[in-house]
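Me: Please walk me through this protein in short questions and answers. Where should we begin?

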Amino acid sequence: ISSRSRTSQYLTLSAVMATARRSRSPRRSASPKKGASVSPVKRTWTDSHKMALQTFMGTGVLTESEAKILHRRCLTAFQVPLDSTTFPQFIDTINKNVKSYHMQIRKGRHDTTGAFVYALVNTAESHITKMAADYAENELDLFRKAMDAIVESDNGVITSTQFLNLSTDLKKMTKDEAQKLLKNLSAQKWLELTNGEVTLGIRCLLEMDQYIKEKYEDIAHCNICKDIVIKADVCPQCNVMIHHVCAAKFFQRQEAPKCPGCSEEWIHPIQAVLTEADVDQRRAGSQSGNTPRIRKHRSHRN
């Protein structure tokens, strides 16, 4: 994160914390009325929540297992009993306290690995200009071009070479600078770079969901979960599209999978349904080229 963006984030964090401290401090001039209720949001906002929020501001995106580990560490750091609040309650308390500052920790799912992730998103804006604090105008232009190319492609990906070639018409940007930008966008989860292929990252899908729907009005949606589709399997008969993970869950009990749109045979290989531990192991092994488990089924393709 750029120094300018980080400064603005911590200014916001300071404001949230200051408001929370004031809300917790009782007024000496007035006593609460008998039977009056105390806001549970204000009462439960603690240093452990502040620590978690600060971590999210620094990292942006955490996997579900990482977020749960963070939850336990934050409670332990301030000697709060681990059974005092569940993980969903912990996240909900943070969200209720930062809502007025147009921030939210939002849960999403990686449409290929199936990993659930949590991302701190800006809810005040839903377009690319929210990235202006981190990136120069020509860098945003290249990101826009990459988004267009990815969404309009047949399989939801472009090659890293195609990404670099998109920078040709941009002013004051060399191929080396474009390569550096690609790595940065990938590290920040705006894009995902895997084995030379580039697609939209989980942070982009979570934070710019509304922007994507508005700009690309004809963008496809998964037949199962109804979320937008970037990478998916497509039925050759009726063009129904299904996320790989959604297909794994939908077809897991079917011996001979049928397309939910036309009832024809589903010809694509089906991944095994992954547990959270499987997802973490797969994520760790992705750098070594490990492939996902595939459930085989009979196919009549020639």
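**Burial, sheet and helices**

Reply: Asn 95 is buried, with a relative accessible area of 16%. The model is a predicted one.

Me: Is Asn 95 buried or exposed, by the cut-off?

Reply: Buried means under 20% relative accessible area. Asn 95 has a relative accessible area of 16%. By that cut-off Asn 95 is therefore buried.

Me: Which residues does Asn 95 touch, leaving out those up to four places away in sequence?

Reply: Asn 95 lies in helix H5, residues 87-98. Leaving out residues up to four places away, the contacts of Asn 95 are Gln 104 and Ile 105.

Me: Which residue is the bridge partner of Ile 105 in E3?

Reply: Strand E3 covers residues 116-122 and runs antiparallel to E2. The two are joined by 7 bridges. Within E3, Ile 105 is partnered by Leu 120.

Me: What is the strand order in the open sheet of 3 strands?

Reply: The pairing in this sheet is antiparallel. Strands E1 (61-63) and E2 (103-109) each have a single partner strand, so they stand at the edges, with one side of each lacking a neighbour in the sheet. Neighbouring strands are turned by 25 degrees against each other on average, direction ignored. The order is E1-E3-E2.

Me: At about what angle to E1 does helix H4 run?

Reply: Helix H3 (residues 47-59) lies across E1, E2 and E3, and runs at about 85 degrees to E3. Helix H4 (residues 64-77) also lies across E1, E2 and E3. Its angle to E1 is about 95 degrees.

Me: What span should the 13 residues of H8 have?

Reply: The expected span is 1.5 Å times one less than the number of residues. The end C-alpha atoms of H8 are 18 Å apart, which agrees with the expectation.

Me: Which residues of H8 are buried?

Reply: On the other side of H8, Asp 176, Lys 180, Lys 183 and Ala 187 are exposed. The cover over the buried residues includes helix H6 (137-152), H7, E5 and E6. The buried residues are Ala 178, Leu 181, Leu 182, Leu 185 and Ser 186. They sit on the same side of H8, because their arc around the axis is only 130 degrees.

Me: Which residues does Ser 167 touch, not counting those up to four places away in sequence?

Reply: Ser 167 is in the loop between helix H7 (160-165) and helix H8 (175-187). With a relative accessible area of 2%, Ser 167 is buried. Not counting residues up to four places away, Ser 167 touches Leu 142, Met 173, Lys 175 and Ala 178.

Me: Which residue in the hairpin of E5 and E6 takes a positive phi?

Reply: Strand E5 (residues 191-194) and strand E6 (residues 197-200) run antiparallel, joined by 4 bridges. Leu 193 stands opposite Val 198 in E6. There are 2 residues between the strands of the hairpin, and the positive phi, near 50 degrees, belongs to Asn 195.

Me: What share of the residues in the protein is buried?

Reply: The protein has 12 helices and 10 strands. Its accessible surface comes to about 17500 Å², and 49% of that belongs to carbon and sulfur atoms. Of the 302 residues, the buried share is 39%.

Conventions:
Residues numbered from 1 in each chain as written. Predicted model: local features only at pLDDT ≥ 70, side-chain atom pairs only at ≥ 80, totals over all residues. Heavy atoms only, no water. Pairing = 2+ DSSP bridges. Axes fitted to C-alpha atoms, helices over the stretch in contact; angles between N-to-C directions. Contact = heavy atoms within 4.5 Å. Buried < 20%, exposed > 50% of the residue type's maximum accessible area, 1.4 Å probe, protein only. Areas by Shrake-Rupley, 256 points an atom, 1.4 Å probe, with all protein chains shown as cover. Arc of directions from axis to C-beta.
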